[in-house]
Number of protein chains: 2
Amino acid sequence: MLLFAWLSTRPGSTVVYFPNRIVKGLEPWEGGSKTRNPFAWIKEALSSTEQDVIDMSGVDTAVYFVFLSTVLGILFLSGIVLLPVLLPIAATDDGVKKNAHSTTSNGTFNDLDKLSMANIQENSPRLWAFLLATYWVSVVTYFLLWKAYKHVSALRATALKSDEVKPEQFAVLVRDLPDVTPGQTRKQQVDSYLKSIYPETFYRSMVVTNNKEVDKIWGELEGFKKKLVRAEAIHEESEKKGQGTRPTHKTGFLGLCGEKVDSIEYYNEKIKDLAQKFEAEQKLTLREKQQGSALVFFTSRVTAASAAQSLHAQMVDNWTVTEAPEPRQLIWSNLTIKFYERMIRQYAVYVVVFLTVVFYMIPITFVSAFTTLENLRKLLPFLKPVVDIVALKTVLEAYLPQLALIIFLALLPKLLLFLSKTEGIPSGSHVIRAASGKYFYFVVFNVFLGVTIGGTLFTAIKTIEKKPNSILEILAKSLPGNATFFLTFVALKFFVGYGLELSRIVPLIIYHVKRKYLCKTEAELKEAWFPGDISYATRVPADMLIVTIVLCYSVIAPVIIPFGVLYFALGWLVLRNQALKVYVPAYESYGRMWPHMHTRILSALLLYQATMLGYFGVSKFVYTPILIPLPISSLVFVFICRKKFYGAFCHTALEVASQELKETPHMEQIFKSFIPPSLFSEKLEDEQFEDALSQVSRSESFV
Amino acid sequence: MLLFAWLSTRPGSTVVYFPNRIVKGLEPWEGGSKTRNPFAWIKEALSSTEQDVIDMSGVDTAVYFVFLSTVLGILFLSGIVLLPVLLPIAATDDGVKKNAHSTTSNGTFNDLDKLSMANIQENSPRLWAFLLATYWVSVVTYFLLWKAYKHVSALRATALKSDEVKPEQFAVLVRDLPDVTPGQTRKQQVDSYLKSIYPETFYRSMVVTNNKEVDKIWGELEGFKKKLVRAEAIHEESEKKGQGTRPTHKTGFLGLCGEKVDSIEYYNEKIKDLAQKFEAEQKLTLREKQQGSALVFFTSRVTAASAAQSLHAQMVDNWTVTEAPEPRQLIWSNLTIKFYERMIRQYAVYVVVFLTVVFYMIPITFVSAFTTLENLRKLLPFLKPVVDIVALKTVLEAYLPQLALIIFLALLPKLLLFLSKTEGIPSGSHVIRAASGKYFYFVVFNVFLGVTIGGTLFTAIKTIEKKPNSILEILAKSLPGNATFFLTFVALKFFVGYGLELSRIVPLIIYHVKRKYLCKTEAELKEAWFPGDISYATRVPADMLIVTIVLCYSVIAPVIIPFGVLYFALGWLVLRNQALKVYVPAYESYGRMWPHMHTRILSALLLYQATMLGYFGVSKFVYTPILIPLPISSLVFVFICRKKFYGAFCHTALEVASQELKETPHMEQIFKSFIPPSLFSEKLEDEQFEDALSQVSRSESFV
């Protein structure tokens, strides 16, 4: 943190610490004075309002803060009751000592155990306090979650009501078009169908095309353009120095071999070639590569919102209409996947994820076994001299098995994102939500349950086989022993995690290295410091893991609560700074992440209630059944929240969409904003687009 | 049937045998000749097309015939393969004899058993034929159900597409209105909210009122009017005879005691009094008894259809918009029940139904025990002389316990209808569907499972407690023994059931008795012969029970199939006649019954597949696991059908609603058709309705 305080005041690094403000065209810090209090950011973060966050970083970020502060509230309110009440009760009993005498304990209990429920004697009346505490935590959670859901729902409504024109509010995505009748184009099919249903508000349609080829060419073209600018920059620099050498490079693999050519000339030529090919491919794509789906534009928000919720065709697997995501979120390649294929993909992915979550150790063990040094030496003989160095050999032999695991864990988020994308989801934010859910199950199952049951795994499995309903009991028995581990885990998470987050050491170093050695142009520099967004796909599940851990231990070992409070308080503070000044959101889903967070907090609560049931059972407390209403009420709570709020997160409510706009929407602009960059071209314009994109029909639209 | 052939040609009974034609204003039979072939109805039924049925009796009836013919098709196709293949295979084996020797059998097996799977020896290769037969029946079912669903979906689409103006297609039902802000009336609230969302197509709204009081007065008024007409008719008749006595009656209880008054004068006076009270109450109702829901009318079918599918308010429990049912189906008292109350009522009803289905014997046993003769004598001393007659005593003692059961079973459909209505469903046809579903579970659980497991109930329960997955086994073991019983059951059902149905003896007798002794006026006569509709609530579950029985026994004892075929063939024929000539449909739900029928046929199939799995298991056939894909494929089939077709049965597809109409709809007429008879009044008209019913706003509607 001190590091951050020092580094952030240095002018050279402003782009690393204030990129969001710079992107928005603001001064790095307000007032514009050169010197500034190193701890001013804390004041700024604390004094910032929700509206500031929405303005700087969008509704999604604001919703993330609602999540942080709700969890903080739950833990804080639990803590102020649980800590002063339960700690003295636990400390003055002596269950641990007694147990120590009677069992062949391995002596792992320490001072912490004396402050936990493990120190209470079996069936002691003191357990009543713990039982009431269990209720208190649940009630606090319900209350705060209810308030938060209401708040987020209002946030979403306000954002959607906004009188700014947002292109995605005027568009819908139509998929699963039936086959065209001969002699009819896709465009005619879509237009005539929708015009007959919405004669007054239908504006225009854009048939989805297969952009794979044109995207590739466009990518190459853009790459060469960048390289050309770079080469010119190098040339200019060299001319300034008076040398005037023209940059050259080799055309072969990675610039290492092949003919040596003059870079500027070479790139110019390449660009000319590609530009022609690109234009031809654009035309071809628009004309020949039309697919069975389309984006459709309406002149009214209400029509678009209501169309996205209505059944259009008698057969549900035809003409599926859904809300259009933001243009920047659209995953074009997923738009054309058919109804049943989407369903099959979805279930296939679920199965794969389930297998990954439960059996991920198996392939890793396999890979580890395969990549022993002996094998490596055989398969990759050129590594032999390296491998034979004795010192390295020892290190490798020790760490090679873990290496596979580490690589797997590092790649897991990417894998889950890829899997979620494979499901056929058309919008980027939805993919991230889906991946985040999968990651949550992975961490809770493997880290929380894995560590807790961990050591006693094999005995556990045997017991489960004999008594299937003893899972809870096993979980409960192994809980207290791991309290210390998780306490350290949470502490480590917030010290190291948030320290790194705030000081942004890694991006800082990368940026400075790049600036020094690689970047030659303005565009490249911007690329080097551009921060990306708060990566919810991993951040939310990581926070959720902490929620799960702290909730589950809150009554058993209340000492964990202050750590949880600290984690979320610090997280709130640090991320407030980052959201306001660093991260640039990649999309805006108007708080659609919230229902996922809500459900997952409640699953954590359910897990907590279940373990408490088991733990009280283990403590042989005769009033344990008093806890049974808790999980039931959690389920009822989930159900009611879903009924009351969830609808408005799936769809846009019409009362929200019917708010008046500041100005008449410029439909042509809205339409153009959805054209993918690879298909966009000033020249092509109307005559060319006509094939895949329907013509304006103002004469008919505004009768 | 012969009885019918003779009776139906007698002119006095045409109103009993051809009421639907008479109501529609047609001649009882075509051609108009006095004499007619007594068996012409068979020819007429067979030659009638689906369109005839739709014209005469609506889409719902046509869908019922699709159901009958689909089941007929399934059983027929199963029969022509199973009978010639399985019967010889079963007959030439001798498993029964062997079993008879080895076990202490009670000798119930007869010739039928020799034709069934029970006659196959354990793990005999002959079982392969039965296994393939199991597959054949399933595949035939899938195929025909798929075709039928497609067909019904098209029927529904055609009916909804129709260019006739149907009032319910222009209306939606808006429930769960939030509280009005002070100074605003309900009407203003509804109108301003909806006008802002649908500025162009909103026509007018009708706030739902609490009509309990006004309905009561209206009922009394109508009753007195009827009585007046009747009294006048009697007077006239008497004058004709030259006596000229004015009819009199006593005002007391049931006309048995009290003051004697001149009927015509008395009724006239009463009507005058009530008419005033009625008018005052109408005004009061419209002004003061407005409730939190409304019917809203649009000038476009598409808007109404899409509004019914869209979320209107940010909170889902406000402004719930659903399709409006037909005016004649509307259950006004259910319209005002709130969102959460509806949910709670629904679950409460489910619990009650579940308890009724499973434990209905308990209250009946209790009642039976309570109503012994001894108790009756004590509680109702005036029955003493009757009860003490020896002959009567014997009969009563024997039948009193059964009496409770019989009364319960007779009242059950009414009870289920009442329960379904209590759920808060706003439309009559939906209530009937819900009741039909409940009745299905009742009959399948109690008749089919009850009889099958029946005798061995207590041993069965003990075994289930020990081995929970042995339910199937028990079911399978007790199946063959009951084949004879169910064969007789099916035969009885179609001989007696359809005989009674076709000859309509009970309505005929009632009609003739009423005509002779009670009816004095035309209206009363019509009431006496008016047939009502095909009562789906009991008819469909009864048919379903036969489907379940025949399917479950189809492979075990294929001899049952011809009986099933006969049942449905005869049913089709008889009901075709009844639908064309007798029953007058009470509502039109455009085939919404079909998904329920479909799902229930599939649940019968699942039960069949499950019992077959169990039965093959009992036969110790080692290839039994080959059957496991069957229930899974059934579930997948259910899922796919639901995905593909069900949406269009829940909502009106927009492509269907967007068909052009024959004429511009007369909105005022549509609006008036929804006014309940008790609130309708020529005099009241616009000025009065203004309070509860919003004003026309043509000026704004058609900008």
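Which residues is A:V555 in contact with, leaving aside its neighbours within four places in sequence? In this predicted model, the partners of A:V555 are A:L82, A:L86, A:M117, A:F130, A:A133, A:T134, A:V137, A:Y608 and A:M612. A:V555 also stands out in the largest nonpolar core, a set of 117 residues in which A:V555 and A:W594 touch the most other members. Helix α5 of chain A, spanning residues 50–91, gives the most to this core, with 17 residues.

Over all chains, the structure holds 45 aromatic pairs. One of them is stacked: the ring centres of A:Y193 and A:W319 are 3.7 Å apart, with the planes at 5 degrees. Because A:Y193 belongs to helix α9 (residues 186–197) and A:W319 to the loop between α12 (301–307) and β6 (320–323), both of chain A, the pair ties together parts 126 residues apart in sequence. A:Y193 and A:W319 are both buried.

In chain B, B:F65 and B:W572 form an edge-to-face pair, with ring centres 6.0 Å apart and planes at 75 degrees. B:F65 lies in helix α5 (residues 50–91) and B:W572 in helix α25 (residues 560–581), so this pair ties together parts 507 residues apart in sequence. B:F65 is buried, at a relative accessible area of 3%, and B:W572 is buried as well, at 16%.

Back in chain A, ring pairs join A:W594 in a cluster with A:Y142, A:W146, A:Y149, A:F637, A:F645 and A:F649. Charged side chains meet rings too: B:R204 lies over the face of B:F671, 3.9 Å from the ring centre, while B:K644 lies over the face of B:F645, at 5.8 Å.

Technical notes: Residues numbered from 1 in each chain as written. Chains lettered and ligands numbered in written order. Predicted model: local features only at pLDDT ≥ 70, side-chain atom pairs only at ≥ 80, totals over all residues. Heavy atoms only, no water. Core = buried A, V, L, I, M, F, W, Y, C linked by side-chain atoms within 4.5 Å. Buried < 20%, exposed > 50% of the residue type's maximum accessible area, 1.4 Å probe, protein only. Helix = DSSP H or I, 4+ residues; strand = E, 2+ residues; numbered from the N terminus. Contact = heavy atoms within 4.5 Å. Phe/Tyr/Trp six-rings, centres within 6.5 Å; stacked < 30°, edge-to-face > 60°. Lys NZ or Arg CZ within 6 Å of the ring centre and 35° of its normal.
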